[in-house]
Amino acid sequence: MKRLFSVALGILTAIGGFVDIGDLVTNAVVGSRFGLGLVWVVLVGVVGICVFAQMSGRVAAVSGRATFEIIRERLGPRAGLANLAASFLINLLTLTAEIGGVALALQLATSVDPLLWIPVVAFGVWVVVWRARFALLENVTGLLGLTLLVFAVALFMLAPDWGQLAGQALQPGPPQGEPIATYWFFAVALFGAAMTPYEVFFFSSGAIEERWTVKDLATSRLNVLVGFPLGGLLSVAIAACAAVVLLPASIDVTSLSQVVLPVAQAGGKVALAFVIVGILAATFGAALETTLSSGYTLAQYFGWSWGKFRRPAKAARFHLSMIICLFIAIAILATGVDPILVTEYSVVFSAVALPLTYLPILIIANDREYMGDHVNGRAMNFLGSVYLVIILVAALAAIPLLIITGAGA
Amino acid sequence: MILSDLLGSDVLGADGRRLGSLLDVRLEMSGTPRQLLADLEVVGLLVSPRGRISTWGFERRGADAPAIIARPQRWLHRGTFLVDWRDVAVVEAGRVTLREGAEHLDPMLPSAPRSQ
Amino acid sequence: MNDHRRPAGRVLDAHLHLLDRQLLDRDGLPVTTVDDLELDGIEPGASIDPDAPAPKVTAILTGPDLATRIFGGRPPSSRRVRIPWELVTDVGTAIRLGVAGASLDATWAERWVSEHIIGRIPGGRHDPE
């Protein structure tokens, strides 16, 4: 059990990247339209986030500096501000979507209108951010989020044609009737979600919250190697369930109830209960991750005091900015906008935020004045360089693809 | 005077020819000893003939990893040199003029021990 | 290199090693970032006496200097928030001061928010549970 708790940070971080409310729906949409034809993107994304999360965790443990501090330090105030603006908007849009998502999941469980749940959920997020110790929040949401593994169990219970699934996965490309641009739009969206920058902001700041030092480098590596592949596995399981049940029935996924349909079909009420708990925990966990990341990025750029290990009065602007973010999220949701649609547009801001986040991490991870003997090895630098190029290409392609395909419509 | 007024200034030789841009100001903790640290004195200016800004320092440190960043940075800032502060004649807004015969010194930083 | 140029103390490049770094107080509490540095001993436009003492860093600047570095322009010097360099105890991946952050002008906004908003919300002055 203790081993499991020690990787809670990695699991919670990955949940925010791979199975937050936007991804839950995107994964099911992708599965219902492309089968497993985009699984390779998830694999590429898992390796990429592992490489950079590992670097950011190592930088935090060795030098004591969290990711947005080094972004400001290496990029200077202007490019740093461009990244802050883009990252902050991604955070805020995702936070808005998660609060809406928790409300939707509660609607599945209680049949009460999500609009009534929204203020309750936002208040709940605030109470946890305000009062709960960091270890408590990561352990509870991380472990409960694991119930989403029911998607993997459901896949086995559905007894699919494994040969056909493998065939889809090994022959990437759009199926008949899907334009190639749409296929690549979803590829970029999945990659962007896997590499979304708040994961490294949260992971590196979490490392500081947990007071990791050079002695904890093995823990950091374990967190990365358990958390992100698990996130990728969940993401693939959701797509596979959709590919087995929804693709043949040509059901277009537009709501959360369609995402959970395959699980209900496979395992009945018990499985449905598990999946609802899992979605609640994952979206609530992602809401905590994005709320805290908003505070972390602002505070680290401006040099304010931050951290849940301090009492709120000792990190006043950090807490105030998170309260303001939660109010903005409520205000956006009060307009009745579809929370899931909100996240689709964050891919635009990823185009700016991704390169400006991962470039300084790669530079600092090689800086001996920060890292001493713990600088990157050759293999890590090779992977980091390859991914820097992939990130640049994805960033450049994101906006034209979004416009051409009308956000994958 | 504030540091950002100096950074990016044109650096001119005594004959008025432009030598490059002021990349950075080299400091040394070697002035009057105080209670905590010695005074931090200006000892020289770093001048790059081509690039205007550098915040990563690849051109003045031994580090060459990762190559994908280090190589283009070194190429951009090739020919970067250090000028002794005593070779600076006058500092104006956006322009620094050197004295006659100002020497172009090796810009490399001594490898500093890492401190927490 | 000639002998007389051998460094006598620790060598730092102002932009590379100081600018935009995190500033921590005596207790490790973040204060602000280094937004700019004040240099004493450079008179713009006046020719420099080669025998005059070298200019030195006299203060870390913060607050309005961040905005002018991003958007250009220049704050009136009365609006500047100075942290005298004498207070610095160590320069590393962060810069440490030998005093409590609460004693500095640079932290007035933090203290104001703390006293008037965050400290008044129940639980704001307690450790998390």
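## D20 of chain C

With 24 C-beta neighbours inside 10 Å, D20(C) counts as buried, a class that requires 20 or more other C-beta atoms within 10 Å of the residue's own, whereas 12 or fewer make a residue exposed and counts in between make it partly exposed, with C-beta atoms placed from the backbone. D20(C) sits in the loop between α1 (14-18) and β2 (22-24) of chain C, where helices (H or I, at least four residues) and strands (E, at least two) are DSSP runs numbered from the N terminus. Although D20(C) is not a glycine, its phi is positive, at about 70°.

The model is predicted, so local features need pLDDT of at least 70 and side-chain atom pairs count only at pLDDT 80 or more, while totals for chains, interfaces and linings use all residues. Residues are numbered from 1 along each chain as its sequence is written, and chains are lettered from A and ligands numbered from 1 in the order in which they are written.

## Other backbone features

Most residues other than glycine have a negative phi, and most peptide bonds are trans. R211(A) has a positive phi near 55° and is a residue other than glycine; this residue is found in the loop between α11 and α12 (217-245) of chain A. R211(A) is exposed, because 10 other C-beta atoms lie within 10 Å.

In chain B, the peptide bond that joins A65(B) and P66(B) is cis, with omega about -10°. P66(B) has its place in the loop between β3 (38-48) and α2 (67-76) of chain B.

## Packing of α4 and α11 in chain A

Helix α4 (residues 39-63) and helix α11 (residues 198-209) of chain A pack with their axes 9 Å apart and at an angle of about 30°, the axes being lines fitted to C-alpha atoms, for helices over the stretch in contact, and the angles running from 0 to 180 degrees between N-to-C directions. That makes α4(A) roughly parallel to α11(A), given that angles under 35 degrees count as roughly parallel, over 145 as roughly antiparallel, 65 to 115 as roughly perpendicular and the rest as oblique.

The residues of α4(A) that meet α11(A) include I49(A), F52(A) and V59(A), and their partners in α11(A) include V200(A), F203(A) and I208(A); contact here requires C-beta atoms, placed from the backbone, within 7 Å. By class, the residues of this contact divide into 10 nonpolar, three polar and one charged, where Ala, Val, Leu, Ile, Met, Phe, Trp, Tyr, Cys and Pro count as nonpolar, Asp, Glu, Lys and Arg as charged, and the others, Gly among them, as polar.

## Surroundings of Y183

Y183(A) lies in helix α10 (residues 180-194) of chain A and counts as buried, with 21 C-beta neighbours inside 10 Å. Not counting residues up to four places away in sequence, Y183(A) touches F34(A), P174(A) and E178(A). Y183(A) and M380(A) are 197 residues apart in sequence and, C-alpha to C-alpha, 30 Å apart in space.

Chain B has two helices and six strands, which follow the pattern α-β-β-β-α-β-β-β along the sequence. Its C-alpha atoms fill a box of roughly 45 × 40 × 25 Å, taken along the principal axes, and buried residues make up 41% of the 116 residues in chain B.

The contact between the chains takes 14 residues from chain A and 10 residues from chain B. The side of chain B that touches chain A has seven nonpolar, two polar and one charged residues.

Technical notes. Contact = placed C-beta atoms within 7 Å.
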